[in-house]
Amino acid sequence: MPISWKTYKGKQILYVDYSGLKTDEMIKLLNESCNVLKSSSGNVLLLTNFENTTATTEYMNEVKRQGKDVITVKATKTALLGIVGVKGVLVQGYAFFTGEKNLKTFSTEQDAMEWLVS
């Protein structure tokens, strides 16, 4: 399932799995995950997997828009997986544009979840 809830150390984490998706599928999943965020009561811990994806201009424009309107409002912490190479620069640009402060990249899901619940 591309969107699911994981329980880790008694806390709920929204997991969004973009791994292997193409641009159109990524934008569709972004919209679905933002709807889940908007309908969630309170703030959310967010874990997003970008392994084996390519961040296109189309996707980046949409995630910046949604990030500013939804993600930074609802997610208290956001952990990212699969951020290597140029994707790291794109994440920095996203964080600057949206003003997101609690965003961090990780190489393992375990490390990401530990940080999210800390």
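Start with the whole chain in view: of the contacts (heavy atoms within 4.5 Å) between residues at least 6 apart in sequence, 77% join residues at least 24 apart. What you have open is a predicted model, where local features need pLDDT of at least 70, side-chain atom pairs count only at pLDDT 80 or more, and totals for chains, interfaces and linings use all residues. Residues are numbered from 1 along each chain as its sequence is written, and side-chain values use heavy atoms, with hydrogens and water left out.

**Whole protein.** Switch to cartoon and you'll find four helices and five strands; these are DSSP runs numbered from the N terminus, helices being H or I of at least four residues and strands E of at least two. Walking from the N terminus, you pass β-β-α-β-α-β-α-β-α. The radius of gyration, taken over C-alpha atoms, is 13 Å, close to the 13 Å that the globule rule (2.2 Å times the number of residues to the power 0.38) gives for 118 residues, so the protein is as compact as a globular protein of that length. Now colour by burial: 47% of the 118 residues are buried, meaning under 20% relative accessible area with a 1.4 Å probe, protein chains only.

**The sheet.** Next, select the five strands. They form an open sheet in the order β1-β2-β3-β4-β5, with mixed pairing; two strands pair if DSSP finds at least two bridges between them. Look at β1 (3-8) and β5 (103-106): each has a single partner strand and stands at an edge, so one side of each has no neighbour in the sheet. On average, neighbouring strands are turned by 25 degrees against each other, direction ignored; the axes are lines fitted to C-alpha atoms, for helices over the stretch in contact, and angles run from 0 to 180 degrees between N-to-C directions.

Zoom in on β2 (residues 11-17) and β3 (residues 44-49), which pair in the parallel sense over five bridges. Click L14, and across from it in β3 you'll see L46.

**Last stop: A75.** Leaving out residues up to four places away in sequence, A75 touches V44 and L46. Draw a C-alpha to C-alpha distance from A75 to L46: 6.2 Å in space, with the two 29 residues apart in sequence.

Note on methods. Buried < 20%, exposed > 50% of the residue type's maximum accessible area, 1.4 Å probe, protein only.
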